[in-house]
Amino acid sequence: MINLLAQVLPRFLHGSDFLRRGLALGPLRPEIILPRRALETLSPLEQRMALAHELAHVRRGDLWLGWVPALARAVFFFHPLVLRACREYALAREEACDAAALQATGAAPRIPPVDGIRSSD
């Protein structure tokens, strides 16, 4: 975890009682806020993955690039494809940060079981 923090360390890491999921904010002085409950209940690996995911947002510049779809939605609020493009961008951004977190922590992805299909283990 120390190596992960040394790569890109935002100014502050906070715990919050009001959040349900972590977030990175502040393009000039990035801050990472994780739910206090998650910090208390998640395993150390899960905590590292949550922190790595939020650090990936900071490293990728998502805090700056997030203004592009927000501006497009504000200007082209009437265009249905803009909303769809913004959703797709958000999904791709989250998937990229998930992949970066997996790579940074060395963890294997977990795929949730599908109803009606049993796993072989």
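Modeller: The expected span of a helix is 1.5 Å times one less than its number of residues. Helices (H or I, at least four residues) and strands (E, at least two) are DSSP runs, numbered from the N terminus. The model here is predicted: local features need pLDDT of at least 70, side-chain atom pairs count only at pLDDT 80 or more, and totals for chains, interfaces and linings use all residues. Residues are numbered from 1 along each chain as its sequence is written, and side-chain values use heavy atoms, with hydrogens and water left out.

Colleague: How many helices and strands does the protein have, and in what order do the elements run?

Modeller: There are 6 helices and 3 strands. Read from the N terminus, the order is α-β-β-β-α-α-α-α-α.

Colleague: What span should the 17 residues of α3 have?

Modeller: At 1.5 Å a residue, α3 should span 24 Å, and its end C-alpha atoms are 24 Å apart, so the two agree. Just after α3, G61 takes a positive phi of about 80 degrees.

Colleague: Which residues of α6 are buried?

Modeller: Buried means under 20% relative accessible area, exposed over 50%, and partly exposed in between, with a 1.4 Å probe and protein chains only. An α-helix has 3.6 residues a turn, so residues three or four places apart point the same way. In α6 the buried residues are V82, C86, R93, C97, A101 and T105. Their cover includes α3, α4 (62–65) and α5 (67–75).

Colleague: And which residues are buried in α3?

Modeller: The buried residues of α3 are L51, A52, H53, E54, L55, A56, H57 and V58. Over the protein, 24% of the 121 residues count as buried.

Colleague: Which residues make up the largest nonpolar core?

Modeller: In soluble globular proteins, nonpolar side chains tend to be buried together. A nonpolar core is a set of buried Ala, Val, Leu, Ile, Met, Phe, Trp, Tyr and Cys residues joined through side-chain atoms within 4.5 Å. The largest one here has 7 residues: A24, I32, L34, L51, L55, V58 and L63. Two or more residues come from each of β3 (31–35) and α3 (44–60). The largest share, 3 residues, is that of α3.

Colleague: Is β3 mostly covered or open, and in which sense does β3 pair with β2?

Modeller: β3 is mostly covered, with 4 of its 5 residues buried. Two strands pair if DSSP finds at least two bridges between them. Strand β2 (residues 23–25) pairs with β3 in the antiparallel sense over 3 bridges, and L23 stands opposite I33. The hairpin of β2 and β3 has 5 residues between the strands, and G26 there takes a positive phi near 90 degrees.

Colleague: How many aromatic pairs does a search of the whole structure find?

Modeller: Rings of Phe, Tyr and Trp (its six-membered ring) pair if their centres lie within 6.5 Å; planes under 30 degrees apart count as stacked, over 60 as edge-to-face and the rest as tilted. The search finds 2 pairs. F76 and F78 have ring centres 6.3 Å apart and planes at 65 degrees, so that pair is edge-to-face. F77 and F78, with centres 5.5 Å apart and planes at 85 degrees, are also edge-to-face. Ring pairs link F76, F77 and F78 into a cluster.

Colleague: Is F76 buried or partly exposed?

Modeller: F76 is partly exposed at 41% relative accessible area, while F77 and F78 are both exposed.

Key:
Contact means heavy atoms within 4.5 Å.
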